[in-house]
Every structure is written in C-alpha cells, then in structure tokens.
Amino acid sequence: MNIKAFIFDMDGVITDTVPYHYESWKRLSEEENIPFTKEDNEQLLGRSRLDSLRIFLKGKKITPHREAEMLEKKNQYFHELIKNLNEQDLIPGIKDLLLAIRKLGLKLSVASSSKNAKFIISKLGIAHLFDCIIDGNLVTKAKPEPELFLKTADCIAVSPCNCIVVEDSAAGVEAALRANMKVIGIGPEERVGKATFRYNNIKEINLTEILHANQN
Ligand code: G6P
Ligand code: MG
C-alpha cells in the first residue's frame with residue numbers, strides 16, 4: 001500500500017487539550033454532583049461533545065433542554081481554559097513532523113470530533129499547513145463511526161486505502177480502521193494497541209519506517 005495522505009486527530013495529537021477537557025467536565029461534575037475521575041475522562045477521548053455528555057451522565061436521563069444547557073456550560077468552561085492557546089502549545093515534535101510530510105509532497109489534513117477544531121488550529125498558527133480540516137460540525141456520526149475520516153479522504157481526493165491516520169484515542173483508532181485506513185496510535189498499548197503502528201509520543205514517530213513498511 002502506498003501512503004498519499006496523513007490525517008491527524010487534533011486533541012492529544014496536535015495539542016494537549018486533554019487536561020482542559022478534563023477540567024471542564026470536572027467543574028461541571030462538581031456543580032451537578034456527578035462523580036467524575038481521570039479514568040472516566042479516558043472514556044471521552046475522541047468522542048463528540050454530545051456522546052461525551054451521555055457517557056459523563058452514566059445512564060442518567062435528562063431533558064434535551066438540560067442536555068443543551070450542560071453542553072453549553074462545559075464548552076464555556078473549556079473556552080475559558082483555551083483562551084491563551086498559541087504556538088507554544090503545539091505538542092513537541094508535531095510541527096517538524098507536519099513540515100516533513102509536506103516536504104514529501106503528501107496531503108495533510110485534520111479530522112477532529114471537536115467543534116472547536118478550526119478555532120484551535122488557527123490559534124496554534126498552523127492552519128496553512130493543512131489541505132483540509134474536517135471537524136465535528138461536518139458529520140452526523142462521531143468516532144468510532146468512520147464518517148469523519150471518509151469525509152476527510154473525500155475532501156483531499158485520496159482513496160481511504162492510501163490514507164494513514166494519527167490518533168490517540170481508542171474510538172479514533174477504531175474509526176480509522178473501519179474507514180479502511182492505516183493508523184498510527186499515540187499512547188499506551190491498552191488504549192491504541194489495535195493501531196497499525198504504535199508510538200508513545202509524537203517525537204518517536206519514525207516516518208521512514210512507516211513509509212517503507214507500506215510501500216510494497
Ligand atoms: C475530541 C476530544 C474529546 C472532545 C471532543 C469534542 O475528540 O478528544 O475529548 O469531547 O473532541 O470536542 P468539542 O471541542 O467539540 O467539545
Ligand atoms: Mg484525540
């Protein structure tokens with residue numbers, strides 16, 4: 001298989017917003033008297049805002065009005081925490097990796113469940129590096145469904161089998177495999193062990209190894 005495009009997840013891959021999402025849910029959990037731990041937060045990685053709320057509620061039923069109210073609060077808390085986000089908040093090694101991929105003439109895209117993805121990518125000052133940014137506003141079925149990745153492949157006009165995804169969440173790895181793409185998992189075996197390649201962090205990614213392994 002021949003890699004023609006790299007598709008990057010954003011939260012936890014391009015920038016470490018995971019603690020900010022956690023803090024925002026934690027604040028809401030304290031107001032709502034719902035227990036919420038760091039382990040609970042792991043279940044939310046890669047999930048859409050609404051799916052995250054439903055997992056957060058642990059089966060507790062609330063009205064659509066309350067649901068909307070809580071989602072708005074969570075997003076407001078999150079925005080308070082990311083207001084000063086800038087280029088310093090890029091994950092170590094990510095900019096060099098993106099530049100190396102561009103230098104190889106491959107397509108580069110973001111596929112994030114976050115409805116804040118375009119805002120965050122522009123704050124990080126790297127929007128110009130991507131051919132396409134597909135975010136949570138553009139899909140109806142969130143990860144682990146493959147829709148987000150299939151839309152991205154469409155946008156960059158590359159067949160899914162020629163795309164490789166960089167993901168830090170179990171839901172994202174599953175979505176990419178279901179889209180018939182290869183995946184580079186970032187994180188521990190227990191979380192991203194199903195990925196085609198796995199590294200502990202972005203700096204460890206070995207482009208030569210990946211591109212050779214896939215050029216039959
Ligand atoms: C990413 C994160 C999730 C987050 C989701 C929605 O996938 O990994 O933790 O809940 O995006 O983000 P949003 O910015 O739209 O609330
Ligand atoms: Mg992620």
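The area buried between domain 1 and domain 2 is about 1200 Å², with carbon and sulfur atoms giving 53% of it; buried area here is the accessible area (1.4 Å probe) that two parts lose on being put together, summed over both. In domain 1, Asp16, Asn116 and Arg191 lose the most area to domain 2, and together they make up 33% of what that side buries.

This is a predicted model, in which local features need pLDDT of at least 70 and side-chain atom pairs count only at pLDDT 80 or more, while totals for chains, interfaces and linings use all residues. Residues are numbered from 1 along each chain as its sequence is written, and side-chain values use heavy atoms, with hydrogens and water left out.

The bounds of the two domains come from an automatic or database domain assignment, and the table lists them.

| Domain | Residues |
|---|---|
| domain 1 | 5-16 + 86-213 |
| domain 2 | 18-82 |

The C-alpha centres of domain 1 and domain 2 lie 24 Å apart. Where the domains touch, 16 residues of domain 1 are in contact (heavy atoms within 4.5 Å) with 15 residues of domain 2.

Between domain 1 and domain 2 there is 1 salt bridge, a term that stands for a side-chain nitrogen of Lys or Arg within 4 Å of a carboxyl oxygen of Asp or Glu. The side chains of Arg191 and Glu42 meet in a salt bridge, at 3.4 Å from N to O. On the side of domain 1 that touches domain 2, the residues divide into 5 nonpolar, 4 polar and 7 charged, where Asp, Glu, Lys and Arg count as charged, Ala, Val, Leu, Ile, Met, Phe, Trp, Tyr, Cys and Pro as nonpolar, and the others, Gly among them, as polar.

Notes:
Chains are lettered from A and ligands numbered from 1 in the order in which they are written.
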